[in-house]
Amino acid sequence: MPRIELQTEIKADRNIVFDLSRSIDLHKISTEHTNEEAIAGKTGGLIGMNESVTWRAKHFGIYQNLTSKITEYDRPKYFTDEMVKGAFKKFKHEHHFAELNGGTLMTDFFDYQSPFGIVGKIADKLFLKKYMTELLTERNRIVKQFAESERWKEVITE
């Protein structure tokens with residue numbers, strides 16, 4: 001099963017980074033290029049334990065729906081979301097937040113399994129892992145941008 005690991009250093013309070021990472025509204029901003037839209041479950045604000053969201057997005061020219069649920073949650077240290085329904089055979093995305101030099105070290109562990117057996121494994125090697133890494137990297141860039149400015153107040157209102 002492929003694993004993507006990313007670390008992002010952010011000069012902001014861990015609580016702010018944690019909340020930005022679970023913000024449905026910020027997720028929409030970070031995925032504008034895929035026309036991602038929350039269509040069911042929690043569709044705005046901050047998602048929490050046992051809550052789910054269904055996203056509709058265009059990837060590889062095809063609209064897809066994906067439902068994920070928060071399955072682990074310990075604010076502000078970590079949370080995990082897992083796919084309940086969608087294009088992957090399965091995925092689990094762990095979000096970890098550690099204090100670092102007055103800021104935050106955000107670490108992502110994204111484990112997934114593609115559908116279609118050997119064809120899925122070939123797709124992973126050829127393009128899917130790179131594509132998913134780029135999506136997560138862009139998301140983290142937006143989290144960092146909002147956290148290190150006053151823009152976080154635009155999406156964290158609770």
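What follows is a conversation about how the features of this predicted model get their names.

Biologist: Before we start, what should I keep in mind about a predicted model?

Modeller: Local features need pLDDT of at least 70, side-chain atom pairs count only at pLDDT 80 or more, and totals for chains, interfaces and linings use all residues. Residues are numbered from 1 along each chain as its sequence is written, and side-chain values use heavy atoms, with hydrogens and water left out.

Biologist: Let's begin with the pocket. What makes it a pocket rather than a cavity?

Modeller: Both are sets of points on a 1 Å grid over the protein atoms alone: in a cavity a 1.4 Å probe fits but cannot get out, while a pocket is an open set with protein on both sides within 12 Å along at least five of seven lines. The idea is that rolling a probe the size of a water molecule over the atoms shows where empty space is left.

Biologist: Which residues line the largest pocket?

Modeller: A lining residue has an atom within 4 Å of a point, and 45 residues line the largest pocket. His 59, Leu 66, Phe 88, Phe 91 and Met 132 lie nearest its centre. The elements giving two or more residues to this lining are α1 (14-21), α2 (24-30), β3 (52-59), β4 (62-74), β5 (78-85), β6 (90-100) and α3. Helix α3 provides the largest share, twelve residues. By the way, helices are DSSP runs (H or I, at least four residues), as are strands (E, at least two), numbered from the N terminus.

Biologist: What is the make-up of that lining?

Modeller: It divides into 28 nonpolar, 13 polar and four charged residues. Here Ala, Val, Leu, Ile, Met, Phe, Trp, Tyr, Cys and Pro count as nonpolar, Asp, Glu, Lys and Arg as charged, and the others, Gly among them, as polar.

Biologist: Now the surface. Why is Phe 127 called partly exposed?

Modeller: Buried means under 20% relative accessible area, exposed over 50%, and partly exposed in between (1.4 Å probe, protein chains only). Phe 127 has 39% relative accessibility, so it counts as partly exposed. This residue lies in helix α3 (residues 117-147).

Biologist: And what makes Phe 60, Leu 126 and Phe 127 a patch?

Modeller: Patch members have over 30% relative accessible area and no salt bridge; like charges are joined within 9 Å, nonpolar side chains (Val, Leu, Ile, Met, Phe, Trp, Tyr) within 5 Å. Phe 60, Leu 126 and Phe 127 form such a nonpolar patch, with about 340 Å² of accessible area together. The areas come from the Shrake-Rupley method with a 1.4 Å probe, and for residues only the protein chains shown count as cover.

Biologist: How do you know that Lys 28 and Asp 25 form a salt bridge?

Modeller: The test is a side-chain nitrogen of Lys or Arg within 4 Å of a carboxyl oxygen of Asp or Glu. Lys 28 and Asp 25 meet at 3.9 Å, N to O, so the pair passes the 4 Å limit. Both lie in helix α2, three residues apart, about one turn of the helix.

Biologist: Where else does that test find bridges?

Modeller: A search of the whole structure finds 13 salt bridges. Among them, Glu 150 meets Lys 153 at 2.5 Å, and Glu 5 meets Arg 3 at 3.7 Å.

Biologist: Why is Gly 48 called buried, but Gly 61 exposed?

Modeller: Gly 48, in the loop between β2 (37-41) and β3, has a relative accessible area of 10%, so it is buried. Gly 61, in the loop between β3 and β4, has 57%, so it is exposed.
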